[in-house]
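Here are a few exercises to work through with the structure open beside you. Try each task before you read its solution.

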Amino acid sequence: METLRLEGVHKSYAVGTPVETEVLHGVDLVLARGEFAALIGPSGSGKSTLLNVIGLLDQPTGGRVFIEGSETGTLGDADLTRLRGRAIGFVFQHHYLLPEFSALENVMMPVLAARGRPDDEMRQTAAALLDRVGLTPWRDKKATHISGGQQQRVAIARSLAMKPALVLADEPTGNLDTRSADGVFDVLRDINEASGTTFLIVTHDARLAQRCDRIIELVDGRIVSDRPNAHVVRHS
Amino acid sequence: MSRLAFFELIVAFRFMREGLTQTFLIILGVGLGGGVIIFMSAALAGLEGNVVRRTLNFMAPIVILPPEQVARPLRAGAQEEFAAQVQPRSQQLRSIDQWQKIRDQVERTPGVVALAAVVSGPGFALRGDASRAVTVTGIEPEAYFRVIALDEKIVDGRTDLGPTDIIIGIELAKDLGASVGDKVRLTTATGAATTLTVSGTFDFGNKGVNAGTVYIALRSAQSLLDLVGGVSAMQVRVSDPFAAERIAETLRAAAPVKVDSWIRTNAEFFTAMAAQIMTNTLIRVFVGLTIALGIASVLVVSVIQKSREIGILRAMGTSREQILRVFLIQGGFMGLAGSVLGSALAWGFLMLWRTVARNADGTPMFIIEAEPWLFVAAAVGSMGVGLLAAVVPARRAARLDPVVAIRS
């Protein structure tokens, strides 16, 4: 079953002006359920733009985006927001946790936004997710009172709170030291294997890319290489 | 409360708690402004109330009198003036023509609550060697008390008036050396004289009135002032004293009488009062505006500070409407919390005022009542101002592009 399908996706900025720039030139991509794929490419190749388009944070200027078989081009802002909240989880290079809330509350936040009122089930699910990323002892600490690696783990737990079909990670280990980065990557891998969640991970780190099942290379807004990784290193 | 608003409440209060100093300072600012508005409103209402109380204590809002007598010079011809100079006529004491008919007409006029027909004219009160010029007012006690609460001002004696009774002010009683039960002789310009018994003394809180007014029974006054069967004035009480002039105009148009309202009689005072109300209102409007701008500026800064958080909340599936409500709640709460503080401050100001603003004899300069509706209005108003002030920053937050917000 397909989690994501892109058909001829184009993305231009400053459309209709003399400085119009096309960043994505007809990208086609399919991610099946449970895939663990790396998106690599040099700076300025359009990786983050592609991730934003896939994550419904940005609209393509051409082509079609399907999430779990539904075309997104016809949806309005409110429906896109709902679909994004339900089907897609985000992990950014910076954790972007809400400093006003504890680790547990941050993980609960996407579900709270969708349901409106906290309940025990929500709390238990969030606690289980934090346990999965090894942060049970820190769950009541404020997001600003834990280490960088721990913050990123909280961000991963938060991205899984709505049980999304697809998690998009933009340089999730970019701000971490090697040891913490390996730890975070292990967590992503474990979740993928345990829950079958599809992951698309943007990374500059060739070593981490080698730990993914599939490596997609984007250069100048075009996919120049898309291959399965025959020598995948599953755990650090 | 809707299910969805709960999330917004949690986020809004956490945002405010995180910026506690900022939140506290703006609530303090709103509180000070709100306190000033409440105090000024209470002072203005108090001033109006005191004016009504003090003036209408001894004065009817509307007094109906016979029309003024005017000189009508004879003319020699159509074009030619007969007299080079026309002197104004002296005004005689006389009855209102067909006063019973006019009374019935006035009583049917909307806004009129009570009417008392009186006979009033000059006279002298004499006792022993002492004599004082007084205004003799003949009344029917029951009707008169509905217009002027003389019965509540009696400090000694009775309120009923027999044919030989007289009620005098405490100053006159002092001047004549008379007290309840003593005889006082009353004479008028027509030469009529009668001896009456002091049945009561009153205190209107006004020295002039207390020294120069006496009340006797209507029939006694009619014979004393040579107006048998007639009345020289009708005093009218209205439901809204500030509508007196409007009602007076209606009465003027309806009957051939002279109608004075207390607003016209005290015209200068009311002009000063209108200026006072306008100044006061302007100050309150500007203070309200300052409060709104204060809340708006704090929230604008907050939106900038929180743009990444807003971006991530949007990426997680939070709708634009939810973000909008998060900031509207903050604005509304700042206004409401500020008004609670402002109410407390205003209460404090009012208590202080009551202690400080006193006459030399220790009586209050004027009473300011802390009306509960004023505090409720302040709370609702402040919350409204807070919500309005939050509209621009909240819309700005709701419109933030999550991609731009996260990257910023």
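**Exercise 1: where the chains meet**

Task: work out how many residues of chain B are in contact with chain A, and which helices of chain B supply them.

Solution. Keep in mind that this is a predicted model. Start with the count: 22 residues of chain B are in contact with 24 residues of chain A. Contact here is a matter of C-beta atoms lying within 7 Å.

Next, look for the helices. On the side of chain B that touches chain A, at least two residues each come from α1 (5-18), α12 (307-315), α13 (320-356) and α15 (402-407) of chain B. The top contributor is α1(B), with 6 residues.

Last, sort that side of chain B by residue type: you get 11 nonpolar, 4 polar and 7 charged.

**Exercise 2: the domains of chain B**

Task: find the domains of chain B and say how many Å separate their centres.

Solution. First mark out domain 1 (3-55 + 270-407), then domain 2 (99-256), both in chain B. Then take the centres of these two domains of chain B over C-alpha atoms: they are 51 Å apart.

**Exercise 3: a sheet in chain A**

Now zoom in on one pair: strand β1 (residues 2-13) and strand β4 (residues 62-67) of chain A are joined, antiparallel, over 5 bridges. For A:H10, the bridge partner in β4(A) is A:G62.

Key
Residues numbered from 1 in each chain as written. Chains lettered and ligands numbered in written order. Predicted model: local features only at pLDDT ≥ 70, side-chain atom pairs only at ≥ 80, totals over all residues. Contact = placed C-beta atoms within 7 Å. Helix = DSSP H or I, 4+ residues; strand = E, 2+ residues; numbered from the N terminus. Nonpolar A, V, L, I, M, F, W, Y, C, P; charged D, E, K, R; others polar. Domains from an automatic or database assignment. Pairing = 2+ DSSP bridges.
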